[in-house]
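Colleague: I would like to learn how to read a structure of this kind, going from single residues to the whole chain. Could we take the features one at a time?

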Amino acid sequence: MKNEYTIAVLPGDGIGPEVTGEAIKILKILESRLGLNLTLNEVPVGGAGYEATGHPLPEETLNTAKNADAVLLGAVGGPKWENIDFSLRPERALLGLRSSLGLYANLRPAKIFPALADASTLKREVIEGLDILVVRELTGGIYFGQPRGVETLPDGTRKGVNTLVYTEGEIERIARIAFEVAQKRDKKVMSVDKANVLECTGFWREIVTRTHKEYADVELQHMYVDNCAMQLVRNPKQFDVILTTNMFGDILSDEASMLTGSIGMLPSASVGGKTGMYEPIHGSAPDIAGRGMANPLATILSVGMMFKYSFDREEPNAWIETAVESVLNQGYRTPDIMSPGMKEVGTTEMGDLVAKEIEQ
Ligand code: NAD
C-alpha cells in the first residue's frame, strides 16, 4: 500500500484556518502512527485567494489541488466579500474546484454520536443510532443547466430561467457510487426524485433502476422528495443511503445534518475524479471567527473520510471516530454543543484532546 501522500490544504476564511489547523494536528499524528510520509501544501482559497491574487481560486491553488492525492478544505466566504462581483465571490471557488477536479459525488454522513443525542431538536428515540449517508450529485442538474439567467421580454416584463438537465451518463455514474458505498453499509439505497412532476427526474428513476440490476445485493427504493423531507423528521432511521440530484441533495443533506444537532460535527467528501476533496459541511462562521470557539470536529472527521475514500484506509477513519466519541463521552464540548454539566473547551483544546486519544 502506498505510504506517501500529497495533501493540498486550503484553509480559506473565517473559522476555516482555525479548524483546518486542528485537522493538520491529526494528520501529523496519523503520519507518525502509520509510518507515512505526508506532504502538506497550504494555499489560499476564497476570500483569502481573492486578497492574495484578485481571484477566489488562484491558478496556483487549483494546480496544487489538481496535483495532490487529496484536498482538505476549511470554509470560504464572509461579509467582507459580499458586495464584490458575483464571479469573484469566495463561494465561486468551490464550484471551480468541484468542476475542475471532476467531483461529481458528494457524500455527507449524518451520524449521531450517542453522547450528543440530546443536542438534536428531535426526540432521543427518533434519532438515537441514526446513521445516514446522503449521496448528492454535485456537478449537474439545475445548478449547471443551460439556459439560465434573467431576461427581458418584448413586452418589457422580465423572466428568470434555470434548467434541470441530466444525461444518462451523469445519472449512471452517481448511482454506481451510491450502490457501491451501500455495499459497505446496510445495503439499502433510497433514490429521491420528483418523478411525478419532472420528466428529467422520471428519467433519473429509470436510469437508477437500470443501473441497480448490477447490484443485486443492494435493496433499491424510490421516494418523492417532498415525502423524503417529511420522512427525515418523522422516522429518519428508515434510511441508510439516500441518493439524489444536486438541488434536492443540497436541501435534504442540510435537513439530515440538523438531525444530529450541530453543523460543527459533520464532515463531507466530494469524490469522482482523481483527487477527492474533504471539508466540513459548515461555512466560515464569521460570527465566531477568531475567537477560538469553533468546533473542529467536522474537519477532523473529514480527515477520516479522506483516509477512507481517497487512500482506501478504513482504520484511521475508525480511530478518528472512536477518539471523537471518547472525548465526547468524557464530557468535553465546544460552545455549539455545550449542555449543562459538561466541560466547555475551545477549538485548540478540542483538537488536542482528540489528538491525544489517537496517539494512545
Ligand atoms: P455557517 O455554517 O458559516 O454558520 C451558521 C451558524 O453555525 C453560525 O451561527 C455559526 O457560528 C455556526 N457554526 C458553523 N460552523 C461552526 C463550527 N465549526 N463550530 C461552531 N459553530 C459553527 O453558515 P452562514 O452563516 O450561512 O455562512 C457564513 C459564510 O460561509 C457565508 O459567506 C457563506 O457563503 C459561507 N459558506 C461557505 C461554505 C463552504 O465553504 N463550504 C458553506 C456554507 C456557507
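Modeller: Let us begin with one residue, keeping in mind that this is a predicted model. Asp-312 has a relative accessibility of 61% and counts as exposed, since the cut-off for that class is over 50%.

Colleague: Where does Asp-312 lie, and what is the value of its phi?

Modeller: Most residues other than glycine have a negative phi. Asp-312, in the loop between H10 and H11, has instead a positive phi near 55°.

Colleague: Which residue, with a phi of about 40°, also has a positive value although it is not a glycine?

Modeller: That is Ala-285, which is found in the loop between strand S12 (276-280) and H10. With a relative accessible area of 21%, Ala-285 is partly exposed.

Colleague: And the peptide bond from Gln-146 to Pro-147, is it cis or trans?

Modeller: As a general idea, most peptide bonds are trans. The bond from Gln-146 to Pro-147 is cis, with omega near 0°, and Pro-147 is found in the loop between strand S5 (131-137) and strand S6 (149-152).

Colleague: Turning to aromatic rings, how many aromatic pairs does a search of the whole structure find?

Modeller: The search finds four aromatic pairs. One of them joins Tyr-5 and Phe-311, whose rings are 3.9 Å centre to centre with 20° between the planes, and this pair is stacked, because planes under 30 degrees apart count as such. Tyr-5 lies in strand S1 (residues 4-12) and Phe-311 in the loop between helix H10 (297-309) and helix H11 (314-329), so the pair ties together parts that are 306 residues apart in sequence.

Colleague: Are Tyr-5 and Phe-311 buried or exposed?

Modeller: Tyr-5 is buried, at a relative accessible area of 4%, and Phe-311 counts as buried too, at 5%. Ring pairs also link Tyr-5 and Phe-311 with Phe-307 into a cluster.

Colleague: For the chain as a whole, how many helices and strands are there, and why can the chain be called as compact as a globular protein of its length?

Modeller: The protein chain has twelve helices and 14 strands. Its radius of gyration is 20 Å, close to the 21 Å that the globule rule gives for 360 residues, so the chain is as compact as a globular protein of that length. Of the 360 residues, 52% count as buried, and among contacts between residues at least 6 apart in sequence, 75% join residues at least 24 apart.

Technical notes. Residues numbered from 1 in each chain as written. Predicted model: local features only at pLDDT ≥ 70, side-chain atom pairs only at ≥ 80, totals over all residues. Heavy atoms only, no water. Helix = DSSP H or I, 4+ residues; strand = E, 2+ residues; numbered from the N terminus. Rg over C-alpha atoms; globule rule 2.2 N^0.38 Å. Buried < 20%, exposed > 50% of the residue type's maximum accessible area, 1.4 Å probe, protein only. Contact = heavy atoms within 4.5 Å. Phe/Tyr/Trp six-rings, centres within 6.5 Å; stacked < 30°, edge-to-face > 60°.
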